[in-house]
Amino acid sequence: MRFLCLITVTFLTGLAFAANEKVPLDPTTGMKMGADWEIVRNHCIACHSPQTILRQRATEANWTSTLEWMQTNGGLWKLDPAVQKTIIKYLTTHYGPGDSGTYRRPPIPATLMPPNPYATDARLEAEAKKQEGLRPRPPAPR
Ligand code: HEC
């Protein structure tokens, strides 16, 4: 029984990947033309290039918070909850964390950054801790 389940899961996963890879790209925007892609196009490329979206990979929670961030700070209009759900589903399906080869790199730790002439409180605190030996120094350049 377990063996059968394993085979089924492997088969379905394979199908899902195959289905995702075959999604054709829209020649104008570069978006994957999966289900509901036009809804996403209509709402999401009025202010910035589609590439702003397509180069991101994120979980459902992160796509949701990106949208909410834009509604608060970027002028994105309030979306009908059903439309928002559709948009998030499209983004998570086609630009989810799955193919993380193109994931954004994590932020560089403050200790590895060069001295910042425009010091902020956080930067000053990090520099002070570095002086006290509370933070590791970056490796010496070769
Ligand atoms: C009313 C204008 C507007 C619309 C419409 C809009 N955005 Fe944005 N978006 C912004 C602004 C402003 C920024 C931040 C400026 C920048 O990074 O260029 C941004 C940035 C982003 C980013 C980059 C965030 C980051 O961490 O760098 C993503 C991803 C994004 N938007 C996705 C979307 C999606 C998905 C939609 C469709 C639901 C959408 N945007 C619709 C204004 C908009």
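Q: Which residues does Ala-58 touch, not counting residues up to four places away in sequence?
A: This is a predicted model, in which local features need pLDDT of at least 70, side-chain atom pairs count only at pLDDT 80 or more, and totals for chains, interfaces and linings use all residues. Residues are numbered from 1 along each chain as its sequence is written. Two residues are in contact if their C-beta atoms, placed from the backbone, lie within 7 Å. With residues up to four places away in sequence left out, Ala-58 touches Trp-63, Thr-66, Tyr-95 and Pro-97.

Q: Is Ala-58 buried, partly exposed or exposed?
A: Ala-58 sits in the loop between α3 and α4. A residue is buried if 20 or more other C-beta atoms lie within 10 Å of its own, exposed if 12 or fewer, and partly exposed in between, with C-beta atoms placed from the backbone. Ala-58 has 19 C-beta neighbours inside 10 Å and therefore counts as partly exposed.

Q: How far apart in space are Ala-58 and Leu-91, C-alpha to C-alpha?
A: Trp-63 touches both of these residues, along with Ile-88 and Thr-92, not counting residues up to four places away in sequence. Ala-58 and Leu-91 are 33 residues apart in sequence, and their C-alpha to C-alpha distance is 8.1 Å.

Q: What pattern does the protein chain follow along the sequence?
A: Helices (H or I, at least four residues) and strands (E, at least two) are DSSP runs, numbered from the N terminus. The protein chain has six helices and zero strands. Read along the sequence, the pattern is α-α-α-α-α-α.

Q: What percentage of the contacts in the protein chain with a separation of 6 or more comes from residues 24 or more positions apart?
A: Of the 142 residues of the protein chain, 8% count as buried. Among contacts with a separation of 6 or more, the share from residues 24 or more positions apart is 59%.

Q: Why is α2 described as roughly perpendicular to α5?
A: Axes are lines fitted to C-alpha atoms, for helices over the stretch in contact, and angles run from 0 to 180 degrees between N-to-C directions. Angles under 35 degrees count as roughly parallel, over 145 as roughly antiparallel, 65 to 115 as roughly perpendicular and the rest as oblique. The axes of α2 and α5 lie 9 Å apart, and the two helices pack at an angle of about 105 degrees. That angle makes α2, relative to α5, roughly perpendicular.

Q: How many nonpolar, polar and charged residues does the contact of α2 with α5 have?
A: In this contact Trp-37, Ile-39, Val-40 and His-43 of α2 meet Val-83, Thr-86, Ile-87 and Tyr-90 of α5. Ala, Val, Leu, Ile, Met, Phe, Trp, Tyr, Cys and Pro count as nonpolar, Asp, Glu, Lys and Arg as charged, and the others, Gly among them, as polar. By class, the contact has six nonpolar, two polar and no charged residues.

Q: Which of the 16 residues around the ligand come nearest?
A: A residue is near a molecule or strand if its C-beta atom, placed from the backbone, lies within 6 Å of it. The shell around the ligand divides into nine nonpolar, seven polar and no charged residues. Its largest share, three residues, comes from α4. Of the 16 residues, those that come nearest are Cys-44, Cys-47, Gly-74, Gly-75 and Leu-76.

Q: What is the phi of Asp-36?
A: Asp-36 is in the loop between α1 (2–21) and α2, and is partly exposed, with 14 other C-beta atoms within 10 Å. Most residues other than glycine have a negative phi. Asp-36 is a residue other than glycine with a positive phi, near 65 degrees.

Q: What is the count of buried residues in helix α6?
A: Just after α6, Gly-133 takes a positive phi of about 80 degrees. Helix α6 covers residues 121–131, and among its eleven residues the count of buried ones is zero.
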